[in-house]
Each structure stands twice: as C-alpha cells, then as structure tokens.
Number of protein chains: 2
Amino acid sequence: MPELRQNIITRHWVIIATERARRPDDFSRKEQRASLPSHVPTCPFCPGNEEKTPAETLRLPGQGTWRVRVFPNRFPALAPTGAIVRTHAGIKRSMTGVGIHEVIVETPDHGQTLATMSNEEVERVVEAYLQRHGAALSAPAVEHVTIFKNHGAAAGTSLEHPHSQLIATPIIPSEVRERLEGALQFYDDNGRCIFCFTLEQEALDGVRVVEENPHFIAFVPYAALSPYHLWIFPKRHCASFGCIGEAEKSALAQILRRLLARLDRGLNNPNYNFVIRSAPKESEAVRYYHWYVAVVPRVSQTAGFELGSGMFINAALPEESARFLREVKVD
Amino acid sequence: MPELRQNIITRHWVIIATERARRPDDFSRKEQRASLPSHVPTCPFCPGNEEKTPAETLRLPGQGTWRVRVFPNRFPALAPTGAIVRTHAGIKRSMTGVGIHEVIVETPDHGQTLATMSNEEVERVVEAYLQRHGAALSAPAVEHVTIFKNHGAAAGTSLEHPHSQLIATPIIPSEVRERLEGALQFYDDNGRCIFCFTLEQEALDGVRVVEENPHFIAFVPYAALSPYHLWIFPKRHCASFGCIGEAEKSALAQILRRLLARLDRGLNNPNYNFVIRSAPKESEAVRYYHWYVAVVPRVSQTAGFELGSGMFINAALPEESARFLREVKVD
C-alpha cells in the first residue's frame with residue numbers, strides 16, 4: 001500500500017510510492033564519470049580569465065592568489081540599478097526587475113567539486129555566502145536573498161566550473177512566504193518553532209538522520225519529495241543564515257561537504273541543487289522561522305502530475321534513502 | 001530592465017528576464033526528429049498486446065476495433081482498494097495511499113501524437129477523459145482528479161506510445177487548494193470569477209491570444225512561468241471539467257489539437273506536459289473557480305533558484321511567445 005506523507009510546515013502531501021520502489025542504486029548516475037581537467041583555458045571562471053567576468057564584489061583570501069571569487073552574473077535575471085516601480089491594471093500586475101544576481105566561483109580548480117574539496121576550502125565558500133548575503137540584504141530594494149547551487153546539466157547549469165549563485169529579490173518569494181505562514185501557524189498553536197521541534201524529533205527518531213556534528217544535523221525529511229532529498233538544520237535557533245558564528249561556519253562547511261561526498265560516491269556524481277532557505281530581511285529576528293539548507297538530487301523527473309497537483313511521487317522510502325547514505329564511506 | 005509579473009490567481013511572481021531574452025527558435029528541439037513506426041510488437045500499448053495491460057476500465061468505441069483504451073496503471077502511485085487511515089504523531093502525519101491511477105492510450109497507432117491526429121480522434125480522447133473523470137469522482141475515497149499528459153522523456157515519460165494518465169487522490173492537492181483560495185479571495189473582493197475576468201481581459205488585450213473558437217480561448221498567460229506556457233479557458237463558467245457538453249467537447253479537442261500542432265511544428269516536437277485543472281469533488285458547483293487546461297512545454301530547465309524561491313525565470317516575453325505560435329501554420 002502506498003503512503004501519503006505531509007510536510008507539516010508547508011502542508012504539501014507527498015506520495016511515497018512503495019509499489020514503484022526501486023533499489024537505492026537504481027538512482028545512481030549511469031554514465032561513465034568524466035574526469036575534468038584542473039584548468040580549461042576557455043573557461044571564464046578559470047584563473048587567467050578574470051577579465052572576462054564583470055568586476056569582482058569579493059575575493060577570498062583578501063591577498064595573494066584567489067581561492068573564491070564573487071562577481072555579478074553577466075546575464076543577470078534582475079538589474080542591479082533602477083527604481084522599484086509597481087503597476088497594476090486589470091489582470092496585469094508587474095514591477096521593475098530590480099535586484100542582485102551574483103556568481104560565486106568556489107575554487108580556481110576546474111576539476112574539483114564541493115564534494116572533493118577540503119573542509120577549509122568549503123568553509124571559504126560559506127564565508128563568501130555569508131559576506132554577500134549580508135551585503136545583498138543591506139541593499140534598499142532587496143527583501144529576500146536566495147543562495148543556491150546547480151550541479152550538473154539536469155540541475156540547470158551550463159558551466160561546469162564549480163560555482164554557486166545569489167539572487168536577491170525585491171519581493172518575498174512564494175516558497176518563502178508559504179514556509180513563514182506555516183511556521184507562524186505552528187507557533188500560534190504550540191508556542192514554539194516548528195523547525196526546532198522537527199530537529200528534536202528527527203534526532204530522537206534517528207532513522208532518517210544521515211550526519212550530525214555539534215552545530216548541525218542532516219536528515220532525509222519524513223515527507224521527502226524525491227529520493228535522497230536532504231535537510232541540514234542548525235541546532236541553534238535563528239531565522240537568518242546571517243546569524244551564524246565562526247564555529248558554526250566551520251561546522252556547516254564540514255556537514256555540507258560530507259553530505260555532498262556521500263551523494264557523489266553513493267550515486268556516482270548525481271546532478272543536484274541546494275538552496276539556503278533564510279528569512280526575509282523584515283523577519284530576520286522572528287521566533288517562528290529557522291534557516292536551513294535543502295539539498296535535492298535530481299535523480300527523478302517531475303511530470304504532469306507534479307505540475308498539476310504540486311504533489312510529488314517519491315519512489316524511495318525516506319528511511320531507506322537515509323540508511324543508504326549513512327553507509328557510504330566518507331572522510 | 002527585467003520585469004516581475006505576478007500571477008494574480010496564485011500570487012506567484014515570475015521574472016521575465018529580458019536581459020537573457022533569446023530568439024523563439026532557440027527553444028526549438030535540436031535533435032533530428034525520429035519518425036516512429038505505426039506498430040511496435042514489443043510495445044505494451046500497441047494492438048495485439050492487450051493482455052499485457054491490466055483489465056480495461058473503458059474502450060472506445062464500444063464495438064469493433066478499439067481507438068482509445070483505459071486501464072489501471074501497472075505500477076500505480078495509489079492503491080485502488082483499502083481503507084483511508086490517517087495517523088499523526090509529532091512531525092509524522094500520514095495516510096494510506098488509496099486512490100486511482102489509470103492510463104489512457106490515445107490511439108492504437110504508435111507513431112501518431114495528439115498533434116497529428118484528426119479532430120475526431122482527439123475528441124474520442126476527450127470523451128475518455130470525461131467518462132473516467134466522472135467515474136473517478138464517484139469513488140468514495142476520492143477528493144480530486146488530475147488528468148495529465150507527459151510527452152517526451154524530459155517531460156517525464158518512459159513509454160513513447162501516446163498516452164495520458166489520471167490520478168485521483170484522497171486529498172485536495174496543494175496546487176489546487178492554492179488556486180481555490182486565490183480565486184475565492186478575488187470573488188470576495190469583486191463578486192466575480194477571476195478566471196472569467198482574465199478571459200475577458202485577455203480577449204480584449206489580444207496580444208497573448210494564440211487560438212480561439214466559439215467555446216474556448218487559448219493564450220500565453222501574462223505571468224507565463226516559461227516560454228510557450230499556455231492556458232486553454234472555457235468561455236462558459238464552470239468549476240468542473242465534468243460539466244462540458246457535446247459542442248464543447250468537440251471544440252476542446254479542436255483547440256487542443258491545434259495548439260499542440262503549433263508547438264510540434266514551431267518547436268520541432270518539444271517535450272511538454274499538460275494538465276486539466278478541475279475543481280475538487282466538494283467544489284464542483286462553486287462560482288469562484290473555473291476549470292482550465294495548462295500546457296507547459298519543457299524547453300527550459302528549472303534549477304536551484306526556482307526550487308528555493310518558487311519564482312520562475314522566463315527568458316521569453318509572453319507576448320512574443322504568443323506571436324510566434326500564432327504565426328505557425330496549422331490545419
């Protein structure tokens with residue numbers, strides 16, 4: 001019998017389709033793994049081609065050879081300057097597309113990935129996320145900042161050199177609003193943060209936990225929308241990614257790297273997206289929301305049913321996805 | 001300057017990324033078109049293999065050679081029998097996965113598609129949708145019925161023989177609930193159906209309209225979430241797909257076929273999904289909701305930003321998508 005599970009934050013139902021259940025390695029990437037060179041002369045993100053990108057907004061470390069670079073996207077989804085102008089006539093509601101769209105180059109080495117880099121290198125990427133998150137939030141037009149990564153063509157990237165992106169919007173996006181509203185309702189009913197509650201319950205249950213360190217816990221959500229869907233929750237309550245301290249920064253780099261290494265080895269370098277879900281500017285200090293990271297391997301294809309209903313069909317049991325990933329050996 | 005547009009029904013914002021704008025034929029499928037044979041002996045949906053599928057729930061026409069067949073999915077996402085049992089403990093809210101999952105084989109001819117079939121043939125498919133929609137709604141466990149089609153691998157299908165699917169769920173899915181709530185709010189504010197209002201405004205505006213006949217109008221939505229996204233609205237108000245009459249059935253077949261033919265010729269047989277968005281069983285007679293068909297060609301890739309924000313980035317102006325499709329010659 002298939003099972004319906006509800007994400008109690010968003011109230012979205014997921015079908016856990018046990019009748020269609022497959023073995024964990026059925027989701028593994030089938031193609032032979034291509035080993036990428038460390039340097040590609042034509043790659044705009046490789047060292048030596050710095051003048052091919054727009055001017056840097058951040059370089060780490062501050063002196064010597066760069067390890068992480070941040071600059072505006074050459075083809076930005078939103079324009080960095082201009083006034084916010086809203087119009088509304090009949091069915092047509094629009095506003096000018098003002099915001100920030102940046103690229104974070106994670107390493108000078110074309111052939112590395114976050115899964116193969118060192119803790120220290122990944123920590124520098126997290127440091128860049130933090131600095132640019134803060135800078136973007138301080139822009140007057142910005143209401144919310146989304147930091148995300150697309151790994152592989154099926155996850156929506158066309159450039160293979162390791163990079164993440166930041167898009168700062170002049171509105172609060174629907175996925176964020178939905179979580180804020182769900183979390184506020186839980187706070188009304190129970191007087192506590194639904195994410196803190198989930199974290200506590202997942203730690204007690206244990207069966208969906210994949211990684212844990214003193215500051216973070218990573219698990220396959222109870223109502224995972226697809227195989228190997230993962231959440232990384234900070235143990236300390238805070239609505240904004242911007243509030244993490246030094247020890248947490250290092251711990252986040254470690255747990256993110258280890259999770260991505262488990263995916264990389266267990267599923268043969270799958271395509272994936274991750275996103276840092278942080279509160280909007282106006283809600284950075286609320287008690288009912290809690291920032292976190294969602295990682296979604298793109299190992300199945302959404303189709304007309306997901307489009308029409310918003311329900312996902314997950315052909316893997318979340319508890320089995322977690323067990324499989326726990327058993328992958330990583331450093 | 002990019003533009004943000006809001007779908008006034010769901011309140012989702014879309015980025016119309018004019019800085020990234022591409023020519024219409026950049027979205028055209030690049031691979032050489034494969035001509036499929038009319039009959040494939042190993043295809044479970046081809047004539048002669050009827051015993052390889054579960055027992056039929058519908059065959060059209062009633063006598064002689066079949067033209068359309070409907071039967072339960074061999075690997076159903078939901079189980080056809082069993083009791084609805086709900087459980088809720090802590091973060092874990094679940095229910096038994098009871099529902100209906102059927103396959104509608106649209107033609108005995110393996111090499112046809114809805115874009116190349118005759119009006120009469122497509123009308124028979126619509127007739128099958130109608131009959132099975134009604135039958136599914138009459139099942140006590142069912143609250144909502146989604147009818148959809150996945151065309152091509154990137155749209156989530158693995159079998160190339162032309163077919164659609166029906167999934168009837170024991171809950172009202174989130175995408176449906178969201179539209180009901182948005183439409184009810186508009187009805188509260190304005191005393192009328194937001195879909196009737198949209199239809200009227202789109203017909204007046206004209207620039208996004210692609211097809212029209214006495215019973216239906218098809219247009220690229222003002223806040224289209226991707227290039228060539230299309231809506232087919234019935235001109236007569238009704239919340240449920242189940243209410244259409246004989247003349248409307250024929251008119252729907254005609255407009256659907258012509259739209260799919262425009263996509264097929266204009267974009268070289270793109271992958272696409274379509275879904276019939278109909279009201280839940282308990283809301284079939286409401287004044288504020290209006291059934292319609294959404295067609296989404298899969299010509300761009302969603303990535304981490306869409307996942308994180310729920311905002312789509314559309315690299316084509318809806319008005320230009322509409323003009324391009326209007327200019328494609330079809331019978």
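Begin in chain A, where strand E10(A) is linked to strand E11(A) by a hairpin of three residues. The model on screen is predicted, with local features needing pLDDT of at least 70 and side-chain atom pairs counting only at pLDDT 80 or more, whereas totals for chains, interfaces and linings use all residues. Residues are numbered from 1 along each chain as its sequence is written, and chains are lettered from A, with ligands numbered from 1, in the order in which they are written. Helices (H or I, at least four residues) and strands (E, at least two) are DSSP runs numbered from the N terminus.

**First selection: residues 209-212 and 216-219 of chain A.** Strand E10 (residues 209-212) of chain A pairs with E11(A) in the antiparallel sense over three bridges; two strands count as paired if DSSP finds at least two bridges between them. Within this pairing, Glu212(A) has Ile217(A) of E11(A) as its bridge partner.

Ten strands form an open, antiparallel sheet in chain B, in the order E3-E4-E7-E9-E8-E13-E14-E12-E11-E10. Its edge strands are E3 (58-60) and E10 (209-212) of chain B, each of which pairs on one side only, and the twist averages 15° from one strand to the next. At one end of that order, E10(B) and strand E11 (residues 216-219) of chain B pair antiparallel over three bridges, with Ile217(B) as the bridge partner of Glu212(B).

Among the residues making the contact are Val122(A), Val126(A) and Leu130(A) of H1(A), together with Leu252(A), Ala253(A) and Leu256(A) of H4(A). The residues of this contact divide into six nonpolar, three polar and four charged; Ala, Val, Leu, Ile, Met, Phe, Trp, Tyr, Cys and Pro count as nonpolar, Asp, Glu, Lys and Arg as charged, and the others, Gly among them, as polar.

**Fourth selection: both chains.** The contact takes 62 residues from chain A and 62 residues from chain B, two residues being in contact if their C-beta atoms, placed from the backbone, lie within 7 Å. On the side of chain A that touches chain B, 30 of the residues are nonpolar, 22 polar and 10 charged. Select strand E1 (residues 3-6) of chain A with strand E6 (residues 92-96) of chain B to see four bridges between antiparallel strands, where Glu3(A) stands opposite Thr96(B).

How is chain A superposed on chain B? A rotation of 180° with 0.0 Å of shift along its axis does so, at RMSD 0.0 Å, which is the relation of a two-fold axis. In chain A, the C-alpha nearest the axis is that of Ala154(A), 4.8 Å from it. Copies are superposed by least squares on the C-alpha atoms of residues with pLDDT of at least 70 in both. Because 100% of the interface residues of chain A are also interface residues in chain B, the copies meet through the same surface.

Notes. Axes fitted to C-alpha atoms, helices over the stretch in contact; angles between N-to-C directions.
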